[in-house]
Amino acid sequence: PVGFYRIYSRYRSQDMAGPGYYAPDVPFVQYFIGGYALHGTYWHTAFGTPVSHGCVNLPTAEAEWMWGWADIGTPVTVQW
């Protein structure tokens with residue numbers, strides 16, 4: 001969702017599931033609104049192309065870097 005948010009919850013690893021998908025051990029998850037998060041992605045390399053269920057998918061190395069840099073309350077701006 002386009003807008004200005006703040007990270008409110010973080011998990012080093014988390015299983016994610018929804019209608020039609022199950023992704024175990026998703027790395028470096030940082031939620032910024034509802035069920036939307038920044039997180040590492042090991043199941044595709046099509047970054048910059050809409051392929052998720054709304055989250056911001058990152059290469060795992062970049063998600064790990066963000067995990068080390070950000071914290072609860074870090075601003076997140078989503079643009080299209």
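Buried means under 20% relative accessible area, exposed means over 50%, and partly exposed lies in between (1.4 Å probe, protein chains only). I wrote that down before looking at Q30.

**Entry 1: ground rules**

I am working with a predicted model, where local features need pLDDT of at least 70, side-chain atom pairs count only at pLDDT 80 or more, and totals for chains, interfaces and linings use all residues. Residues are numbered from 1 along each chain as its sequence is written, and side-chain values use heavy atoms, with hydrogens and water left out.

**Entry 2: the overall layout**

I counted elements next. The protein has 1 helix and 6 strands. Both kinds are DSSP runs numbered from the N terminus: helices are H or I with at least four residues, strands are E with at least two. Read from the N terminus, the order is β-β-β-β-β-α-β. Of the 80 residues, 34% are buried. I also looked up contacts, meaning heavy atoms within 4.5 Å. Among contacts with a separation of 6 or more, 43% come from residues 24 or more positions apart.

**Entry 3: the sheet**

I looked for paired strands, which need at least two bridges found between them by DSSP. Four strands make an open sheet in the order β2-β3-β4-β5, with mixed pairing. Its edge strands are β2 (9-18) and β5 (56-59), each pairing on one side only. From one strand to the next the twist averages 40°. Axes here are lines fitted to C-alpha atoms, for helices over the stretch in contact, and angles run from 0 to 180 degrees between N-to-C directions.

I checked two of the pairings. β2 and β3 run antiparallel and are joined by 8 bridges. G18 stands opposite Y21 in β3. The hairpin of β2 and β3 has 2 residues between the strands, and G20 takes a positive phi near 85° there. β4 (residues 36-41) and β5 run parallel, with 4 bridges joining them. G40 stands opposite L58 in β5. As a reminder to myself: strands of a sheet pair through backbone hydrogen bonds, either parallel or antiparallel.

**Entry 4: the helix**

Where does helix α1 lie? Helix α1 (residues 60-69) lies across β2, β3 (21-33), β4 and β5, and runs at about 35° to β3. I picked E62, which is found in this helix. E62 is partly exposed, at 42% relative accessible area. E62 and F28 are 34 residues apart in sequence, yet their C-alpha atoms are 9.5 Å apart in space.

**Entry 5: rings**

I turned to aromatic pairs. Rings of Phe, Tyr and Trp (its six-membered ring) pair if their centres lie within 6.5 Å; planes under 30 degrees apart count as stacked, over 60 as edge-to-face, and the rest as tilted. The structure holds 5 such pairs.

Y5 is buried at 13% relative accessibility, and F32 is buried at 4%.

Why is the pair of F28 and W67 tilted? The ring centres of F28 and W67 are 6.1 Å apart and their planes stand at 55°, so the pair counts as tilted. F28 lies in strand β3 and W67 in helix α1, so the pair ties together parts 39 residues apart in sequence. F28 is buried at 10%, and W67 is buried at 13%. I also noted one aromatic cluster, formed by Y8, Y11 and Y31.

Is Q30 buried or exposed? Q30 is buried, with 1% relative accessible area. Q30 lies in strand β3. Leaving aside neighbours within four places in sequence, Q30 contacts residues including R10, Y36, M66 and W67. The side chains of Q30 and R10 make a polar contact at 2.8 Å. Such a contact is a pair of N or O atoms within 3.5 Å; within protein, one must be able to donate a hydrogen and the other to accept it, and residues adjacent in sequence count only if both atoms are side-chain atoms.

Most residues other than glycine have a negative phi. I found D25 with a positive phi near 55°. D25 lies in strand β3 and is exposed at 51% relative accessibility. F28 also has a positive phi near 55°.
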